[in-house]
Amino acid sequence: MKNFLLITSITAAAVGVAALGLAGTAAAFPNAGTAEDVVDSLKAEGYNVQVNGLVQVPLKLCTATDVHPTLSDSDTLQDKGHTQVFVDVSCPSHD
């Protein structure tokens with residue numbers, strides 16, 4: 001019985017950690033839509049944006065896979081203007 005409770009507790013903790021990780025990922029992608037949406041949103045906030053990835057199709061067909069560095073809601077417009085943000089994208093092949 002003790003083993004069952006231990007396994008159940010560990011499983012519940014793992015599920016909780018996974019949920020928190022997904023929440024952080026969603027927050028990192030403004031307007032979590034296409035890569036084009038993410039890039040446009042970051043530019044509208046004043047960030048300098050660079051796209052990383054092989055982009056041979058319109059960005060609206062691509063998915064943002066990561067945004068770095070981690071952004072802060074407390075950044076001033078001046079801070080944002082001096083911050084280079086990298087958006088990693090995954091795009092379908094051109095063929």
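Student: In this predicted model, what covers the buried residues of helix H2?

Tutor: The cover over the buried residues of H2 includes strand E1 (48–52), strand E2 and strand E3 (84–90). The buried residues themselves, within a helix that runs over residues 35–44, are Ala35, Val38, Val39, Ser41 and Leu42. Because these residues span an arc of only 165° around the axis, they lie on the same side of H2.

Student: How many salt bridges does the count give, and which residues form one?

Tutor: A salt bridge is assigned when a side-chain nitrogen of Lys or Arg is within 4 Å of a carboxyl oxygen of Asp or Glu, and by this rule the count comes to 1. Glu45 pairs with Lys80, with 3.6 Å between the closest N and O atoms. Since Glu45 sits in the loop between H2 and E1 while Lys80 belongs to helix H3, the pair ties together parts that are 35 residues apart in sequence.

Student: Are Glu45 and Lys80 buried or partly exposed?

Tutor: Buried means under 20% relative accessible area, so Lys80, at 14%, counts as buried, whereas Glu45, at 32%, counts as partly exposed. Leaving aside residues up to four places away in sequence, Lys80 touches Glu45, Gly46, Tyr47, Asn48 and Asp75.

Student: Where is the cis peptide bond?

Tutor: The cis bond joins His68 and Pro69, with omega at about 5°, and Pro69 lies in the loop between strand E2 (63–68) and helix H3 (77–81).

Notes: Residues are numbered from 1 along each chain as its sequence is written. This is a predicted model: local features need pLDDT of at least 70, side-chain atom pairs count only at pLDDT 80 or more; totals for chains, interfaces and linings use all residues. Side-chain values use heavy atoms; hydrogens and water are left out. Helices (H or I, at least four residues) and strands (E, at least two) are DSSP runs, numbered from the N terminus. Contact means heavy atoms within 4.5 Å. Buried means under 20% relative accessible area, exposed over 50%, partly exposed in between (1.4 Å probe, protein chains only). The arc is that of the directions from the helix axis to the C-beta atoms.
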